[in-house]
Amino acid sequence: MRVVIAEDAVLLREGLVGLLERFGHEVVAAVGDAEALTEAATEHRPDIVVTDVRMPPGFTDEGLRAAIRLRADGLPVLVLSQYVEQTYAAELMDAGEGVGYLLKDRIGEVADFVDALNRVARGGMVIDTEVVRQLLGRRRDPLRRLTPRELEVLGLIAEGRSNASIARELVVTEAAVAKHIANIFAKLDLPPAADGHRRVLAVLAYLRT
């Protein structure tokens, strides 16, 4: 894949470049601020953008804002954050599919990080497992209608897992997973005619509680 990286920390930026190139990807630009990110993405039209949340000049949410704009322009984006920011995760997920939100610590788990990158580039949605764990502890409306098993399935959906992957994780059949997902959609009032992808809408409900 062709990748644009935006990270103001030089060592981490160069580390990401080396890591992705080792897995056969082409880093077409590696920049250190949100403005340069937007320019590089516009020029190169990469297969995916990887960006930090907080970047110069303000070190608040410049990277996130740039990522949301680029996603609206059709580019898959994987956002990296130093800490769990549930508000940022929810806002990013509003951009639809082809988005990911990971803690920087996950970069060290090389195989999982590269797998997440590939899933987002293919149009999937990936949320850091730590965000999912924190959200599982906040069982308020509308999630209080879900059973513990349905919450577990929804958490795995939020991580970007397929039905087959969820079935392997929970040691159940894919048919059982499909039934749990159907129950989740029903309890979250997501009928088949709902606009958008129901898995995405379910994850958004999960993040907003």
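This is a predicted model: local features need pLDDT of at least 70, side-chain atom pairs count only at pLDDT 80 or more; totals for chains, interfaces and linings use all residues.
What does Asp128 touch beyond its neighbours within four places in sequence? Here you will find Tyr101, Leu102, Leu103 and Arg106. Take Leu102: 26 residues separate Leu102 from Asp128 in sequence, yet their C-alpha atoms are 4.6 Å apart in space. With Leu103 there is a polar pair to look at, as a polar atom of the Asp128 side chain lies 2.9 Å from the backbone nitrogen of Leu103.

## Asp52, the annotated position

Asp52 carries a UniProt annotation: the unreviewed entry lists this residue for "modified residue: 4-aspartylphosphate". In the model, Asp52 belongs to strand E3 (residues 48–52).

Is Asp52 buried or exposed? Its relative accessible area is 5%, which means that Asp52 is buried. Setting aside neighbours within four places in sequence, you can see Asp52 in contact with Ala6, Glu7 and Asp8, with Gly63 and Leu64, with Leu80 and Ser81, and with Lys104.

## Helix H7 and what follows

Helix H7 spans residues 148–158 and is mostly covered, with eight of its 11 residues buried. The buried ones are Glu150, Leu151, Val153, Leu154, Gly155, Leu156, Ile157 and Ala158.

Key: Residues are numbered from 1 along each chain as its sequence is written. Side-chain values use heavy atoms; hydrogens and water are left out. UniProt positions are given in the numbering used here, feature names are shortened, and annotations may be inferred rather than shown by experiment. Helices (H or I, at least four residues) and strands (E, at least two) are DSSP runs, numbered from the N terminus. Buried means under 20% relative accessible area, exposed over 50%, partly exposed in between (1.4 Å probe, protein chains only). Contact means heavy atoms within 4.5 Å. A polar contact is a pair of N or O atoms within 3.5 Å; within protein, one must be able to donate a hydrogen and the other to accept it, and residues adjacent in sequence count only if both atoms are side-chain atoms.
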